[in-house]
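Reader: I have a model to go through before I set anything up. Can you walk me through it?

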Amino acid sequence: MALQLEKWQTLAAGFITFPTLCSEAQAAESKQPELPNVVFIYADDLGYGDLECFGAKNVKTPAVNRLADEGMRFTNAHAAAATSTPSRYGLLTGRYAWRDPGTDVAAGNAAMIIKPQQYTMADMFKSVGYATGAIGKWHLGLGAETGKQDWNAPLPAALGDLGFDYSYIMAATADRVPCVFIENGKVVNWDPDAPIYVSYKNNFEGEPTGKDNPELLWNQKPSHGHNQSIVNGISRIGYMKGGGKALWKDENIADSIASHAVSFIKEHSDEPFFLYMATNDVHVPRVPHPRHRGMSSMGLRGDAIVQFDATVETVLNTLDSLGLADNTIVILSSDNGPVVDDGYLDEAEELLDGHSPTGELRGGKYSAFEGGTRVPLIVRWPGKVESGQTSEALISQIDWLASLASLAGARIPQGAANDSHDNFASLIGEDRDGRDYVIEQAANHALSVRTKEWKYIEPSKGTPMVSWGPKIETGYLMNPQLYDMVSDPLETTNVADQYPELVKKFSDILESERTQSDTK
Ligand code: NG6
Ligand code: CA
């Protein structure tokens, strides 16, 4: 069609008075540019300091470095929460998880946490004609009722209800049963000889567990927790029976995710698409494919970062080979801060050798300190986002829904995504200030207010260190905390007593956010 028009235009040039052709040519000129594709590469537990282009030691991340060179690196970007489920909930709904009960780290048999009637990022893209796909870690529940799923039949409530045309997902995390991929609500490679049963309460008779049968843990052993059903020589959280040939091999999870992402991109290369690709790397159990083993000097955790980088490379190469790179926004980030020992004996801590997963930030996953929610962020959009730049804009994942809606020209329905602000200008580097403040949720639900200058952590109950194994400072204290993020970016000195008026201002902000009604 375009070619035909060009031919007609050339022909018409000699006959300027041919009215129909002129108006067609004008129409072609004023045609809106095609909507860009959007690809989220969403890592799991990848820390602010875990990528080479964010200062990582002992591990090379050439593909991510390339993305940063060709795009913009953000040094003050935050996940909405310090663990996966609430963070993803905020990202995909534009609504803070702390407003809604039942949004904490989900079991593998949790019911859908985002309700089918809720508006999601995928609904938004779909409303303006995008093809939408979710591939990789889900961790937001499936099915209508917790514990009542029939894993041997199509799940009645799944991602299709949330606006995703296509999904190929892990129900929860690699350390939680069921250890199978689910494609469009059906277990992949479902094995009629090994029907699947899942419980988070009781074991199934005769099934070994990590607790009772440690001799079966040939692949990886737990350091804390993770001592229930055994799959692929690794004990997990929760009990499952069956699975047979549907059971995943942890070594292949990254490749399965990458190859399905490639197929999705290929299949939709001639229409706008939104791909939410959530990797399993670098969550526990870290069991990278043998070809990535030993590629860092930090053992399995470092090798999982290498594997994450390989996934990024696959996606970038696919976009290149299909000629889609220029018209695709690639956004890379992580769901929460890093953890070293998160429950398996993988020597992650012993082999750090000077590498700091948080990039020296205090705390880590679960924590109210910066290490909990400050995450790497890279945005690449050739020709639109300046390349090789760094932005210090204050950014929260809660805003991505409204920001990308503004890009796509989608209208968010009244009452939906209320916490999400249109910050598209900062996401593409035009505005280098970003939000006035972001709100961060720690694992115990303590909220913090972070401005460019200050970090306020509200008083909350809890132990100073995570109490169940990971060696992480929680930042929980019964008194208010205030840190001067300009002179004290590592949150070493609580100055709340010196600035009572600021403490009041920030606690008022939290109070008013908490009481905000359901309409914008
Ligand atoms: C914790 C798990 C941890 C991890 C986390 C969720 C234990 C002892 N620890 O309860 O290993 O799975 O939940 O991580 O069970 S997240 O990144 O998905 O939020
Ligand atoms: Ca996580």
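Reader: Start with lysine 455. Leaving aside neighbours within four places in sequence, which residues is lysine 455 in contact with?
Author: This is a predicted model, to begin with. Leaving those neighbours aside, lysine 455 is in contact with Ala368, Phe369, Glu370, Glu440, Ser448, Val449, Arg450, Gln481, Leu482, Tyr483, Met485 and Glu491.

Reader: Is lysine 455 buried or exposed?
Author: Lysine 455 has a relative accessible area of 0%, so it counts as buried. The cut-off for buried is under 20%.

Reader: What does the side chain of lysine 455 make a polar contact with?
Author: The side chain of glutamate 370, at 3.0 Å. A polar atom of the lysine 455 side chain also lies 2.9 Å from the backbone oxygen of alanine 368.

Reader: And which strand does lysine 455 lie in?
Author: Strand S18, residues 454-457.

Reader: Next, the metal. What coordinates the calcium ion (ligand 2)?
Author: Asp44 (OD), Asp45 (OD), Asp335 (OD), Asp335 (OD) and Asn336 (OD1) coordinate the calcium ion (ligand 2), at 2.2 to 2.7 Å. Along the chain, the donors follow the spacing D-D-x289-D-N.

Reader: What are the angles among the six donor atoms?
Author: They run from 51 to 175 degrees, and the site of the calcium ion (ligand 2) is irregular. For reference, ideal angles for six octahedral donors are 90 or 180 degrees. Water is not among the atoms, so a site may look incomplete.

Reader: Why does aspartate 335 count as buried?
Author: Because its relative accessibility is 0%. Asparagine 336 counts as buried too, at 0% relative accessibility.

Reader: Where is aspartate 45 found?
Author: In the loop between strand S1 (37-43) and helix H3 (62-70). Aspartate 45 is buried, with a relative accessible area of 0%. Its phi is near 60 degrees, which is a positive value in a residue other than glycine.

Reader: What about cis peptides? Which residue does a cis peptide bond join to aspartate 281?
Author: Valine 282, with omega about 10 degrees. Another cis peptide bond joins valine 284 and proline 285, with omega about -10 degrees. Valine 282 is in the loop between S11 and H7, and proline 285 lies in the loop between S11 and H7 as well.

Reader: Since S11 came up, how many bridges join S3 to strand S11?
Author: Six, and the two strands run parallel; S11 covers residues 273-278. In that pairing, glycine 136 stands opposite alanine 278. S3 is also joined to strand S4 (residues 166-170) by five bridges, again in parallel. There, lysine 137 stands opposite methionine 170.

Reader: How many residues of S3 are buried?
Author: Seven of its seven; S3 covers residues 131-137 and is mostly covered.

Reader: On to packing. Which residues touch the most other members of the largest nonpolar core?
Author: Phe40, Met121, Met124, Leu142, Tyr276, Trp400 and Leu404, in a core of 117 residues. Helix H7 (residues 299-321) gives the most to this core, with eight residues. Apart from it lies another core, of 18 residues, including Leu447, Tyr456, Val495 and Ile509.

Reader: What does methionine 121 touch?
Author: Not counting residues up to four places away in sequence, methionine 121 touches Phe40, Leu91, Leu92, Phe274, Trp400, Leu401 and Leu404.

Reader: Some of those are in H9. Which residues in H9 are buried?
Author: Trp400, Leu401, Ala402, Ser403, Leu404, Ala405, Leu407 and Ala408. That is eight of its nine residues, and H9 is mostly covered.

Reader: What follows H9?
Author: Glycine 409, whose phi is positive, near 70 degrees.

Definitions and conventions: Residues are numbered from 1 along each chain as its sequence is written. Chains are lettered from A and ligands numbered from 1 in the order in which they are written. This is a predicted model: local features need pLDDT of at least 70, side-chain atom pairs count only at pLDDT 80 or more; totals for chains, interfaces and linings use all residues. Side-chain values use heavy atoms; hydrogens and water are left out. Buried means under 20% relative accessible area, exposed over 50%, partly exposed in between (1.4 Å probe, protein chains only). Helices (H or I, at least four residues) and strands (E, at least two) are DSSP runs, numbered from the N terminus. Two strands pair if DSSP finds at least two bridges between them. Donors are N, O and S atoms within 2.8 Å of the metal (3.2 Å for Na, K and Ca); water is not among the atoms, so sites may look incomplete. Four donors count as tetrahedral if all angles lie between 85 and 135 degrees; four count as square planar and six as octahedral if opposite donors are over 155 degrees apart and all others between 65 and 115; anything else is irregular. A polar contact is a pair of N or O atoms within 3.5 Å; within protein, one must be able to donate a hydrogen and the other to accept it, and residues adjacent in sequence count only if both atoms are side-chain atoms. Contact means heavy atoms within 4.5 Å. A nonpolar core is a set of buried Ala, Val, Leu, Ile, Met, Phe, Trp, Tyr and Cys residues joined through side-chain atoms within 4.5 Å.
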